[in-house]
Amino acid sequence: MPIVDAQQLMENLDGDLELLRDAFEIFCEESRSLQSELRAAAQANNVQELNQTAHRLNGMLSNFFADEACQTAIQLEEIQGSDVGATAAPLIEQLSGQIETVQSEIQQIMASRGS
Amino acid sequence: MNVLVAEDERVTRHLLEQYLDSWGLKVTAASDGGQAWEFYQSGDFELVISDWNMPEMNGLQLVKKIREHVRGQYAYVILLTARSEKADLVNGLCAGADDFLSKPFDRNELRARLRAGQRIISLQRTLNERNRSLQQANERMEKDLAAAARLQQSLLPEKLPESKSAKFAWSFRPCEELAGDNLNVFQLDSHHIGMYVADVSGHGVAAALLSVTISQLLSPKSSQHGLLVQPDAQDTSKRIVSSPGRVVSELNRRFPIEEFDGNYFTIVYGVLDTRTSVFRYVSAGHPPIILISGDGQPQFIENTGFPIGWVQDHEYAERTLQLAVGDRLCIYSDGLPEAQNVDDEQFGDRRLLESLIGTVSQSLDNSVAQAMLTIESWCGTHHARDDMSMLAIQITD
């Protein structure tokens, strides 16, 4: 079952593959650095930074209609407590895997539509 | 139209920029709330699309700052948010947001909401332009009114006639910038002094224009028109003073009510012969004249005819008063007795008479001034609804 809702994504972009490619490039760059920031925040037990970074990832993923990945990001966004590192670690790994899948699915969408 | 986008997340920001650009809007994008606020202050943005959660300054704080920032053009603000709880929406609206859009936003919904915003901005712009025009028109009108009021003031007695037989005093209080009342006292020849108090119906510009016309017509400087003085039939090189009956009848002929949009006026026009202290006058619908004799006995003398303009070819009966030394005559407009206090009670003729009798031992100037002060004190905070004019004469020799 794909994570990205390809039909909704292309409808929302009005079929604009060039726009998709631009957004995808930004997504690849940003998601890498945001994931690093996420891990660093978890290691430092910095809950505020963790929530904030997860929120940005959620916003970014929502543009690609990747609901499953968004749900994981929301869980990270809502984590509270003093020892967030341990709780966040498996979720961060889960989210990283989902982001990889999202990237791969978007590449397929672009390839299948001639970009 | 200039649009400011405030969004810290790059993909959303890029998509917003591209959409807005493709719809012909001029976009400036900020990567956080602080930067957006800087851009906003230095730009001319009518539309702001802002994320809620941002570093430096969040969307809610940005909206509050925008609303506190006073400038001519209204900025329509749409908050982008993943939040959908009622409390958040209420907070956003209370802070000054105009609309919300949930993330991930639908392109068509964004466009529809932008159009709604543009409609409001356009209405606001029209309203601002109309307000500006109204303000300019109002400023012009205020200037014109001030100039007209100065002109009216210039028509009041500049210099009172000097006579050893009589003294004069007057007071004039318009209730608005322009008055419907007017008065004057002037030398007609070596031993005749003319005077009048007139009160045009209604207020405002129309009443004031008619009032100014009457002033001009009854000005001794306009006597070449033959209204106040006329050539002697026996010796055309000489001029004789027109009788008050002739003057008032002529006014009645010139100002029929139907030709002046229903405006009419009341007037007392009189001529004092300083050799004999005989006062001949006509009162056309005007309040009674008060005569206080030298020994303090008061008398109300009722009017003698209809207001000017009411009845065509009306014959105005002329009255003659033989005045004696110490007598005081007071001619006034109905604004004095009809002045109301905060309980809407009128000052009335009785209080006016009491005030004049109470100050009979004082100078004529003081007596008139005191009567006006008493009326003003009676009105208190109640704004006068009518002009107040008073002209007084005292026989001194």
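**View 1. A nonpolar surface patch on chain B of the predicted model.** B:Phe306, B:Trp310 and B:Val311 make up this patch on the surface. Together they have about 270 Å² of accessible area. B:Trp310 sits in the loop between β14 and β15 of chain B. The relative accessible area of B:Trp310 is 43%. That value falls between the 20% and 50% cut-offs, so B:Trp310 is classed as partly exposed.

**View 2. Positive phi at B:Asp313.** B:Asp313 belongs to the loop between β14 (298-301) and β15 (319-322) of chain B. B:Trp310 is also placed in the loop between β14 and β15. Phi of B:Asp313 is about 55°, a positive value, although the residue is not a glycine. The relative accessibility of B:Asp313 is 64%. Exposed means over 50%, so B:Asp313 counts as exposed.

**View 3. Positive phi at A:Asp14.** Here the residue lies in chain A, in the loop between α1 (6-12) and α2 (17-43). Phi is near 55° for A:Asp14, which is a residue other than glycine. A:Asp14 has a relative accessible area of 58% and is therefore exposed.

**View 4. The interface of chain A and chain B.** The two chains bury about 1700 Å² between them. Carbon and sulfur atoms give 56% of that area. Chain A brings 18 residues to the contact, and chain B brings 14 residues. A:Asn12, A:Ile26 and A:Asn63 supply 32% of the area that chain A buries against chain B.

**View 5. Polar links across the interface of chain A and chain B.** Nine residue pairs are in polar contact between the chains, counting pairs with both residues at pLDDT 80 or more. Four salt bridges are found across the interface. One salt bridge joins A:Glu29 to B:Arg10. Their closest N and O atoms are 3.1 Å apart. On the side of chain A that touches chain B, α2 and α3 (47-62) each supply at least two residues. The largest share of that side comes from α2(A), with seven residues.

**View 6. B:Thr12 and its surroundings.** B:Thr12 is part of helix α1 (residues 10-22) of chain B. Its side chain makes a polar contact of 2.7 Å with the side chain of A:Asn63. Beyond four places in sequence, B:Thr12 touches A:Gly59 and A:Asn63 from chain A, and B:Glu7, B:Lys103 and B:Phe105 from chain B. Is B:Thr12 buried or exposed? Its relative accessibility is 1%, so B:Thr12 counts as buried.

**View 7. A cis peptide bond at B:Pro104.** The bond runs from B:Lys103 to B:Pro104, with omega near -5°. B:Pro104 is located in the loop between β5 (99-102) and α5 (107-154) of chain B. B:Lys103 is among the residues that B:Thr12 touches.

**View 8. B:Asp386 in a loop of chain B.** The loop connects α9 (364-379) and β17 (388-395). B:Asp386 has a relative accessible area of 18%. Buried means under 20%, so B:Asp386 is buried. Outside four places in sequence, B:Asp386 contacts B:Cys175, B:Asp199, B:His203, B:Asp334 and B:Gly335. B:Asp181 lies 205 residues away from B:Asp386 along the chain. Their C-alpha atoms are separated by 8.9 Å.

Key
Residues numbered from 1 in each chain as written. Chains lettered and ligands numbered in written order. Predicted model: local features only at pLDDT ≥ 70, side-chain atom pairs only at ≥ 80, totals over all residues. Heavy atoms only, no water. Helix = DSSP H or I, 4+ residues; strand = E, 2+ residues; numbered from the N terminus. Buried < 20%, exposed > 50% of the residue type's maximum accessible area, 1.4 Å probe, protein only. Polar contact = N/O pair within 3.5 Å; in protein donor to acceptor, adjacent residues only side chain to side chain. Contact = heavy atoms within 4.5 Å. Patch = residues over 30% accessible without salt bridge, like charges linked within 9 Å, V, L, I, M, F, W, Y side chains within 5 Å. Areas by Shrake-Rupley, 256 points an atom, 1.4 Å probe, with all protein chains shown as cover. Salt bridge = Lys/Arg side-chain N within 4 Å of Asp/Glu carboxyl O. Buried area = accessible area lost by both parts, 1.4 Å probe.
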